[in-house]
Amino acid sequence: MDASSAGAPDVSALAINVVIPPELRWTDVRRGEEFELQTLTVRLLPDQSLAVKAYGRPVAGGRGAYVSFAMPDRAELRALVDAAAIRAGELWGASTGLG
């Protein structure tokens with residue numbers, strides 16, 4: 001029996017936010033401004049694959065724009081995403097529902 005025939009809700013996507021440890025952070029430039037990337041937004045797509053975008057703050061200070069960056073393909077960042085996805089699953093599984 002599939003989820004739709006069982007009357008289960010159609011969940012279109014799941015997302016988690018992950019803090020990038022200081023030793024794994026990097027900088028990138030957008031619109032002439034340098035950003036230090038500090039968080040990842042990881043989305044579980046309908047095909048069960050993951051999509052990742054990085055976000056951060058301008059190195060010069062201030063709030064800056066909410067601009068996404070690609071995550072570099074580095075083994076330690078991929079491991080962080082994998083570990084965060086596993087941890088998020090554990091947290092969802094242990095949820096006690098709405099208070």
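Q: Which residues of α1 are buried in this predicted model?
A: Let's start with the helix itself: α1 covers residues 75–93. Seen down the axis of α1, the buried residues fall within an arc of 95 degrees, so they line one face of the helix. Those buried residues are Leu77, Leu80, Val81, Ala84 and Ala88.

Q: Which residues are exposed on the other side of α1?
A: The buried set of α1 lines one face, because its residues fall within an arc of 95 degrees. Look at the other side of α1 and you'll find the exposed ones: Ala75, Ile86 and Gly93.

Q: How far does α1 reach from its first C-alpha to its last?
A: Helix α1 has 19 residues, and at 1.5 Å a residue the expected reach is 27 Å. The model comes out close to that figure, with a C-alpha to C-alpha reach of 27 Å.

Q: Which element gives the most residues to the largest nonpolar core?
A: That core has 18 residues, and Val18, Trp26 and Leu40 touch the most other members. The elements giving two or more residues to this core are β1, β3 and α1. The top contributor, with five residues, is α1.

Q: Where does Leu77 sit, and which residues does it touch beyond four places in sequence?
A: Leu77 has its place in helix α1. At 0% relative accessibility, Leu77 counts as buried. Beyond four places in sequence, Leu77 touches Leu24, Trp26, Met71 and Pro72.

Q: What kind of arrangement do the rings of Phe35 and Phe69 have?
A: There is one aromatic pair in the structure. The ring centres of Phe35 and Phe69 are 5.4 Å apart, and their planes stand at 55 degrees, so the pair is tilted.

Q: How many residues apart in sequence are the parts that the Phe35 and Phe69 pair ties together?
A: Both Phe35 and Phe69 are buried. Phe35 lies in strand β3 and Phe69 in the loop between β4 and α1, so the pair ties together parts whose separation in sequence is 34 residues.

Q: Which residue lies over the face of Phe69?
A: Phe69 already has a ring partner in Phe35. Its face also has a neighbour, 4.4 Å from the ring centre, and that residue is Arg30.

Q: What is the phi of Arg31?
A: Arg31 lies in the loop between β2 (27–30) and β3, and with a relative accessible area of 72% it is exposed. Most residues other than glycine have a negative phi. Arg31 is not a glycine, yet its phi is positive, at about 55 degrees.

Q: What is the phi of Gln48?
A: Gln48 is found in the loop between β3 and β4. It is exposed, with a relative accessible area of 57%. Here again phi is positive in a residue other than glycine, with a value near 75 degrees.

Q: Is Arg63 buried or exposed?
A: You'll find Arg63 in the loop between β4 and α1. Setting aside residues up to four places away, Arg63 touches Arg57 and Pro58. Exposed means over 50% relative accessible area, and at 70% Arg63 counts as exposed.

Q: How far apart in space are Ala15 and Gly89, C-alpha to C-alpha?
A: Ala15 is found in strand β1, and at 52% relative accessibility it counts as exposed. Leaving aside neighbours within four places, Ala15 is in contact with Val42 and Arg43. Ala15 and Gly89 are 74 residues apart in sequence, and their C-alpha separation in space is 11 Å.

How values were computed:
Residues are numbered from 1 along each chain as its sequence is written. This is a predicted model: local features need pLDDT of at least 70, side-chain atom pairs count only at pLDDT 80 or more; totals for chains, interfaces and linings use all residues. Side-chain values use heavy atoms; hydrogens and water are left out. The expected span of a helix is 1.5 Å times one less than its number of residues. Buried means under 20% relative accessible area, exposed over 50%, partly exposed in between (1.4 Å probe, protein chains only). The arc is that of the directions from the helix axis to the C-beta atoms. A nonpolar core is a set of buried Ala, Val, Leu, Ile, Met, Phe, Trp, Tyr and Cys residues joined through side-chain atoms within 4.5 Å. Rings of Phe, Tyr and Trp (its six-membered ring) pair if their centres lie within 6.5 Å; planes under 30 degrees apart count as stacked, over 60 as edge-to-face and the rest as tilted. A charge sits over a ring if NZ of Lys or CZ of Arg is within 6 Å of the ring centre and within 35 degrees of the ring normal. Contact means heavy atoms within 4.5 Å.
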